[in-house]
Amino acid sequence: MSGRQHSRRPQPSSSIALFAISALVIGAGWFAYTLMPEGGRWPGAGAPSATPAATATAEASTPPVADATATPPAAEPTASVAPAPATSPTFTVAAIGDLLFDLGPRQLIAAKGGKAPLAKVASLLRAADLTIANLETTLSNRGTAVTGKPANLIFNGDPRGIASITSSGIDLVSLANNHAMDHGRPALIDTLAALDKAGVGHAGAGLDSKAAWKPALITVKGHTIAYVTATQILPAHFASGTDRAGVAVGRPISRAVAAVRAAKKKAEFVIVSIHWGIEQSYTPNAGQKRDARALIDAGADVVLSHHPHVMQGIDTYKGKLIAYSLGNFLFPYKTVEGRKSIILRFTLGPKGATNITAVPVYLGQWGRPVPQTGASARSILGKLASSSKPMGTSITIKGDIGYIKP
Ligand SMILES: [Zn+2]
């Protein structure tokens, strides 16, 4: 979903009923969308235009906007659709990999504007009630490049990239990664402010460790969700401290486990992203497996993680979904394999994650994600299937979509 940036408009008294209608329309749209792939038409073409289904509570280190919890704007009423409750037992989630607004995406933004990097996938992302990504760059023109890292691995994303995040309906981003502090505290401050101003929830980095560990809270179709993130990959000086800006450090996993336990007391669902693993490895290591299980034992409902720059397998533990690495999503990565990616979609509700599917994308020129069909779709989904098979997960490809059975 998207459009919380518009939610600060004064609401008409009928907004709740109209929101209910819009929620129903979105639900129907998602359902149709899920069932569509056999038809041979790319599902994004039929995806509903986004109407907000979620409201964020900015748990930011910078002051949250005063009305961040405002009721979302109403859709145009549809005469033939009867009003329905604004809540639903389930909601849909789309999860994606690393977003980088430097290098190729920066060139694309300069040529075609801030929305261009995600324009080809925006309707697919907006079709979900809740969309989650890893923001692997800052959004800033300020700061000084950090020392102790190779120059080609220091990024500062074009601040205009925020338009890609909002126009594609990304609701939550993780900032817990090995690039959040590439340009120091000033660039982090700009990034936090840009996300807060746009109404995008974020977690995993802040102006001190308390802020870095604060989960992002969001309400989707009447359900509260806490997003907890931390990184196991970082230059040591990226760590947040009592009076030091930085990231939430997830190694050892104990503090993240405690954060999940605390979040579970505040929210109905807890979604976790940990930045971990080995670059270009398709197999989660023993530490990832152990830590994912510890997070689920502590109450995590889903683990959606990042860093290896390729897709690792899809797994479950105690019936809870684990994506060990979602790979790159907006990234001019150096290898063909690192440009294969997916939009991981599922329904979250009392039965956990159900209707799990993968929409294949390829990161083409500028590292821009483009939905794939035919042989390219099969190649991407085949790779995901082979990584997932050792975990007992099967993936059936039908109509360019991967249907995932853990
Ligand atoms: Zn990383």
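Author: Let us begin with two definitions. Helices (H or I, at least four residues) and strands (E, at least two) are DSSP runs, numbered from the N terminus. Two strands pair if DSSP finds at least two bridges between them. In the hairpin of S12 and S13, two residues lie between the strands, and lysine 318 takes a positive phi near 50°. S12 and S13 pair in the antiparallel sense over four bridges, and threonine 316 has leucine 321 in S13 as its bridge partner.

Reader: What kind of model is this, and how are its residues numbered?

Author: Residues are numbered from 1 along each chain as its sequence is written. This is a predicted model, in which local features need pLDDT of at least 70, side-chain atom pairs count only at pLDDT 80 or more, and totals for chains, interfaces and linings use all residues.

Reader: What is the mean pLDDT of the protein?

Author: The term pLDDT denotes the predictor's confidence in each residue, from 0 to 100. The mean pLDDT of the protein is 85, and 79% of its residues reach 70 or more. Over residues 2–51, however, pLDDT stays under 50. Over residues 58–79 the pLDDT is below 50 as well.

Reader: How many helices and strands does the protein have?

Author: The protein has nine helices and 19 strands.

Reader: Which strand pairs with S13 in the parallel sense?

Author: Strand S11 (residues 302–304) does, over three bridges; the bridge partner of leucine 304 in S13 is alanine 323.

Reader: Which way do the residues of S13 point?

Author: In a regular strand the side chains alternate between the two faces of the sheet. In strand S13 (residues 320–323), Lys320 and Ile322 point one way, while Leu321 and Ala323 point the other way; all are buried. A residue is buried if 20 or more other C-beta atoms lie within 10 Å of its own, exposed if 12 or fewer, and partly exposed in between, with C-beta atoms placed from the backbone. By this rule, 58% of the 406 residues of the protein count as buried.

Reader: How is a helix such as H9 read, and what should its residues span?

Author: The expected span of a helix is 1.5 Å times one less than its number of residues. For the 15 residues of helix H9 (residues 374–388) this gives 21 Å, and its end C-alpha atoms are 21 Å apart, which agrees.

Reader: Which residues of H9 are buried?

Author: They are Ala377, Ile380, Leu381, Leu384, Ala385, Ser387 and Ser388. These residues cover an arc of only 165° around the axis, so they lie on the same side of H9; the arc is that of the directions from the helix axis to the C-beta atoms. The face turned away from the buried side carries the exposed residues Ala375 and Ser386.

Reader: Which strands do the buried residues of H9 pack against?

Author: Two residues are in contact if their C-beta atoms, placed from the backbone, lie within 7 Å. The buried residues of H9 pack against several strands, including S18 (394–398) and S19 (401–405). S18 and S19 pair in the antiparallel sense over five bridges, and they form a hairpin in which glycine 399 has a positive phi of about 55°.

Reader: Is leucine 124 buried or exposed?

Author: Leucine 124, found in helix H3 (residues 122–126), is buried, with 26 other C-beta atoms within 10 Å. Its C-alpha atom is separated by 8.4 Å from that of isoleucine 343, 219 residues apart along the chain.
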